[in-house]
Amino acid sequence: ELSTILSFRSIFFTTTSLTSIGYGVDAPSSVPGRFFCIVYLFCGIPLYLITLADTAKFCTEGMNRLYTEYLKLKFRAKRRVKRWRKGTRSDSLAGNVNQVIIAGGDDDVAEFLWTHLEAAHFVEVPFLLVYGMLLLYITFASWIVARIEHWPLEDGFYYIMMSVLTVGFGGLIFDLSIQDPLSWLKAVQQKRIEAMKREAMRKLFETVTALHHLRFTTMQRLIEQTVAKKEDSLDGLDLPNAIIDPPTNISAFNATADSVCLRWKAPLREPEGKRFWYTLTYKTRNPHWIFGRNQATVVDFITGETYEVKGLKTFTLYQFSLVVTTRYGSSKPATCQEYTEPCTVPQCVAVEASSSETVTLSWKAPKKNNGPERYVIMYSQEPAPQFKYWNRYKCGASTRFTIPELSPDTRYIACVAAEHNFGLAAMSKSIRFRTRLWWHEETETGSSLLAPMVIAQKRLSIISSISNASALR
């Protein structure tokens, strides 16, 4: 697979270099590679120009031939209409030479041109027709590129124009990663496995609950057990009409470009004596979804109170719905919403350590890199002013940085942005923190040293109080 990727990237690099586009995605870094690139282009560009000239000549001749055939058909149609109006059936081609249309430069009609040069009618392809065909070709290619790469049509048109004009800024580029041709088959197989697992788990839960309920013969015994345990009368009843409480305090945290973590608390009244599970349903929250194809994904048989949802789309609003499920039914859903972060911004920004004057921040690299990246930290005191007045530090390629010269016991807001060849990308989610008091660390570090002194002072005070009491006696 690595050799396939390298060969595809090398073919793409040599082709774009030979056509003098040069997107700048790949470039030789060693001296022999650069020397070979110079020799290769010095010999290859003239050959490419010769091939391009032959191709242009072929297209010109083909366009002239098609336009000539069009004019011939038009001329014959006019003649037939005239004969039909006059009521004649003569099909002879006799007539003035002015009515004969000659296009192109074939050698077979050279003698005819020399004989009837004054009466011949030369026709050229119209200027607007040529540019119209070129614009139609570029528009069709732009639609194809935008459809394949999932770009807007204006981005596809911009990419095709920059490529045709051999400018090649490199602002837009194809995804050069090689996809597995059997990925669709693997996805279908994975869905079948998940469906089989879900069905097997459902049957297992039904079997376990059925075996558990075989121990109870009557409903009265269930009521006696619940009364003995001092629970509510509905907590232990396995009735289909019993009210099932939903989970509480559901919230999302630690959102990345492709995952969101959820946490919640158990329902206030646990149904069936903790014999229940959670069912999570999530989908994209898009009010302008076309044709209603917003399909929801269901995750069943969750037993814990936290869950990480993976495989999400970047920078998309998702709606999460969680219910408590038993063998008798489900509770009302508890919902929350959360955005996933863009794939080009730093992920998981967190505070590692803090003091009265410094704070150490850490983060992870973006999911999708646009080349060699450097990071910039932007922070300000709260309430935050306009963004242009924020303080900035350039961190280089490191994913950990300590902000110095902060004020003690002060609230701050900070965010991290990735800087690459195209400029600053979008900022990460902001993080808020508060510096410690100026004496906080001294009390923690010096407590172990001051403890013996405090104990000694307490002993002296006790001794002095005992001596005073004896003197009073």
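**Figure 1. The second largest cavity.** What volume does the second largest cavity have? About 60 Å³. The model is a predicted one: local features need pLDDT of at least 70, side-chain atom pairs count only at pLDDT 80 or more, and totals for chains, interfaces and linings use all residues. Residues are numbered from 1 along each chain as its sequence is written, and side-chain values use heavy atoms, with hydrogens and water left out. Searching the whole structure gives 2 cavities of 30 Å³ or more. A cavity is a set of points, on a 1 Å grid over the protein atoms alone, where a 1.4 Å probe fits but cannot get out. Volume is the space filled by probe spheres set on the points, which are joined across faces, edges and corners. The lining of the second largest cavity consists of Tyr-23, Tyr-158, Tyr-159, Met-162, Gly-168, Phe-169, Gly-170, Gly-171 and Leu-172; lining residues have an atom within 4 Å of a point. By class, 6 are nonpolar, 3 are polar and none is charged. Gly counts as polar here, whereas Tyr, Met, Phe and Leu count as nonpolar.

Figure 2. The whole structure holds 15 aromatic pairs. The ring centres of Tyr-67 and Tyr-70 are 6.0 Å apart and their planes meet at 35°, so this pair is tilted. Rings of Phe, Tyr and Trp (its six-membered ring) pair if their centres lie within 6.5 Å; planes under 30 degrees apart are stacked, over 60 edge-to-face, the rest tilted. Both residues belong to helix α2 (residues 31-86), 3 residues apart, about one turn of the helix. Helices (H or I, at least four residues) and strands (E, at least two) are DSSP runs, numbered from the N terminus. Tyr-67 counts as buried because its relative accessibility is 18%. Tyr-70, at 47%, counts as partly exposed. Buried means under 20% relative accessible area, exposed over 50%, partly exposed in between (1.4 Å probe, protein chains only).

**Figure 3. Tyr-282 and Phe-320 across two strands.** This aromatic pair is also tilted, with 6.0 Å centre to centre and 40° between the planes. It links distant parts of the chain. Tyr-282 is in strand β5 (residues 277-284) and Phe-320 in strand β8 (residues 317-326), 38 residues apart. Both Tyr-282 and Phe-320 are buried.

**Figure 4. An aromatic cluster and a charge over a ring.** Tyr-379, Tyr-393, Phe-401, Tyr-412 and Phe-433 are linked into a cluster by ring pairs. Elsewhere, Arg-263 places its charged end over the ring of Phe-253, 4.3 Å from the ring centre. The criterion is NZ of Lys or CZ of Arg within 6 Å of the ring centre and within 35 degrees of the ring normal.

Figure 5. The peptide bond from Glu-382 to Pro-383 is cis, with omega near 0°. Pro-383 lies in the loop between β13 (374-381) and β14 (391-396). His-150 has a positive phi, near 60°, and is not a glycine. Its loop runs between α4 (127-149) and α5 (153-164). With 72% relative accessibility, His-150 counts as exposed. Glu-405, another residue other than glycine, has a positive phi near 55°. Glu-405 sits in the loop between β15 (400-403) and β16 (411-420). Its relative accessibility of 71% makes Glu-405 exposed.

Technical notes:
1 Å grid on protein atoms, 1.4 Å probe; cavity = no way out; pocket = protein on both sides within 12 Å on 5 of 7 lines; lining within 4 Å.
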